[in-house]
Amino acid sequence: MIRSGAIGFALCLLMPGLALAAEAEQAVTEPPTDIRPPALAKAPAPTKSPFEIVRSLDALQDEVVTGNLAAQNALPHVIAQMGDRLFAADPQNWRQAKNARAVVSYTLSGGQVRVIRKVLKIGNSPELEKKLMEGSLAYVEGHEAKARQILMDVDARSLPPTVAGHVALVQASLISHDDPNKGNELLDLARVLAPGTLVEETALRREIFNLGEGTELNKFVLLSSQYLRRFRNSVYADNFRQRFSATVTRLGLISEPEQFSKIVKPIGDLEADDQLRLYMLLAQAAILNGNAPVARLSAEKAMAVTKEGSPDEMRAKLYDAAALILTNNYDQGLAKLKELDGSTLSKRDTELKAAILSIAKQIREWPDMSADPDDAEPNPNPQAPGRDGTATAAAGPVIDLAQKAISDADRLLKEHAH
């Protein structure tokens with residue numbers, strides 16, 4: 001039988017919409033730009049001071065972590081209008097530290113860099129704020145070496161709350177690659193300095209996946225539990241769930257069933273619908289990585305929070321059966337696939353079931369030995385036994401069958417996408 005990793009790869013191609021590849025980390029604000037803002041997104045009046053203008057941006061960003069899509073959709077428009085107002089502000093405003101710091105916060109929130117460039121050119125801001133602006137500009141323009149040189153000796157704890165969390169978050173980004181532990185300390189600091197804000201939500205997500213790259217399973221689980229409790233409605237929560245599921249399986253954080261209980265505990269504190277979504281994602285990710293025990297455990301947990309006979313239960317059973325194909329219980333998995341009631345499956349899952357059955361059949365098919373031996377590929381291991389225990393030339397054709405299965409799965413996925 002073909003190795004489980006190869007089978008898992010073939011099966012993962014059959015799961016439309018499964019976004020398990022880690023997406024690029026989102027900036028503190030990175031909202032869509034193609035939706036017109038609602039009425040709540042009106043920009044501040046031009047008579048307000050710069051720090052008052054930017055304060056309304058902070059409030060709008062914080063709405064994003066509560067799941068307010070209208071706030072997220074409004075951000076590009078608000079940021080653009082603020083840029084116009086800040087750019088046209090009286091130069092004397094920048095003598096005040098609180099206004100200069102507001103430009104730092106605005107810039108690190110995705111603001112237009114023309115504003116901070118102009119304020120720096122005017123050159124009348126206090127020295128500390130000028131330093132923060134220079135470091136922030138270098139960071140957003142991708143000059144990380146210069147940004148590190150300017151910002152890394154700044155103690156974010158000494159800064160006012162309006163900008164402290166932003167600076168700590170940038171410092172973490174600048175140092176995490178070279179010193180992951182220091183980066184995580186700075187992410188912890190950012191969370192403490194900006195509680196309940198988009199800065200905290202972003203810092204928490206980043207730290208969780210930094211921990212996922214290492215071996216600190218306990219802290220990974222602890223922080224994941226915090227995120228799932230406190231930011232479950234964030235507009236970035238779905239992305240978090242997908243990455244969480246991919247991380248715990250891809251990096252072997254629950255490679256043994258015994259470790260699975262550490263992940264189950266925080267998930268068990270969630271509402272049934274959220275539990276179901278996470279267990280489904282875990283099952284999918286485990287199948288992708290050929291981790292049959294975790295795939296089965298996840299599918300079983302999913303079944304426990306579904307209604308009997310529901311499409312969700314059938315989908316969980318589908319993943320359970322697919323996971324069995326990765327084990328020595330291939331025949332049991334195949335039987336479970338055939339037993340699934342197709343009438344309760346969605347069109348997508350019906351197609352998935354059919355494709356898995358097709359792949360499973362091809363995996364077990366033996367090549368046609370009636371073909372001309374001269375046309376056969378040479379056997380790289382002539383001592384490999386066949387079904388009857390004798391040496392055969394089956395290795396090459398079996399691999400070809402696996403490749404065909406993957407091609408068939410890829411074709412199905414493309415057809416479904418259209």
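**View 1. Arg241 and Asp274 form a salt bridge with closest N and O atoms 3.6 Å apart.** The model is predicted: local features need pLDDT of at least 70, side-chain atom pairs count only at pLDDT 80 or more, and totals for chains, interfaces and linings use all residues. Residues are numbered from 1 along each chain as its sequence is written, and side-chain values use heavy atoms, with hydrogens and water left out. A salt bridge here is a side-chain nitrogen of Lys or Arg within 4 Å of a carboxyl oxygen of Asp or Glu. Arg241 sits in helix α12 and Asp274 in helix α14, so the pair ties together parts that are 33 residues apart in sequence. Helices (H or I, at least four residues) are DSSP runs, numbered from the N terminus. Arg241 is buried, at 4% relative accessible area. Asp274 is buried too, with a relative accessibility of 4%. Buried means under 20% relative accessible area, exposed over 50%, and partly exposed in between (1.4 Å probe, protein chains only).

**View 2. Arg277 and Asp238 also meet through their side chains in a salt bridge.** The N to O distance is 2.1 Å. Arg277 belongs to helix α14 (residues 272-288) and Asp238 to helix α12 (residues 237-250); the pair links distant parts of the chain, 39 residues apart. Arg277 is partly exposed, with a relative accessible area of 36%. Asp238 is partly exposed as well, at 43% relative accessibility. Salt bridges that share partners join Arg232, Asp238, Arg241, Asp274 and Arg277 into one network.

**View 3. Glu129 pairs with Arg101 in a salt bridge.** Their closest N and O atoms are 3.1 Å apart. Glu129 lies in helix α6 (residues 127-140) and Arg101 in helix α4, so this pair ties together parts that are 28 residues apart in sequence. Both residues, Glu129 and Arg101, are buried. The count of salt bridges comes to 20. Side chains of opposite charge can pair when their charged atoms come close.

**View 4. Helices α2 and α3 pack at an angle of about 170 degrees.** Helix α2 covers residues 50-64, helix α3 residues 69-87, and their axes are 10 Å apart. Axes are lines fitted to C-alpha atoms, for helices over the stretch in contact, and angles run from 0 to 180 degrees between N-to-C directions. The two helices, α2 and α3, are therefore roughly antiparallel (angles over 145 degrees). The residues of the α2 contact with α3 divide into 13 nonpolar, three polar and two charged. Ala, Val, Leu, Ile, Met, Phe, Trp, Tyr, Cys and Pro count as nonpolar, Asp, Glu, Lys and Arg as charged, and the others, Gly among them, as polar. Contact means heavy atoms within 4.5 Å. Residues of α2 in this contact include Ile53, Leu57 and Leu60; those of α3 include Leu75, Val78 and Met82.

**View 5. The largest nonpolar core has 102 residues.** A nonpolar core is a set of buried Ala, Val, Leu, Ile, Met, Phe, Trp, Tyr and Cys residues joined through side-chain atoms within 4.5 Å. Tyr106, Met133, Ile208, Phe220, Tyr227 and Phe244 have the most contacts inside this core. Helix α8 (residues 161-175) gives the most to the core, with nine residues.

**View 6. Thr107 lies in helix α4 (residues 97-108).** Thr107 is buried, at 2% relative accessible area. Not counting residues up to four places away in sequence, Thr107 touches Ile116 and Val140.

Technical notes: Parallel < 35°, antiparallel > 145°, perpendicular 65-115°, else oblique.
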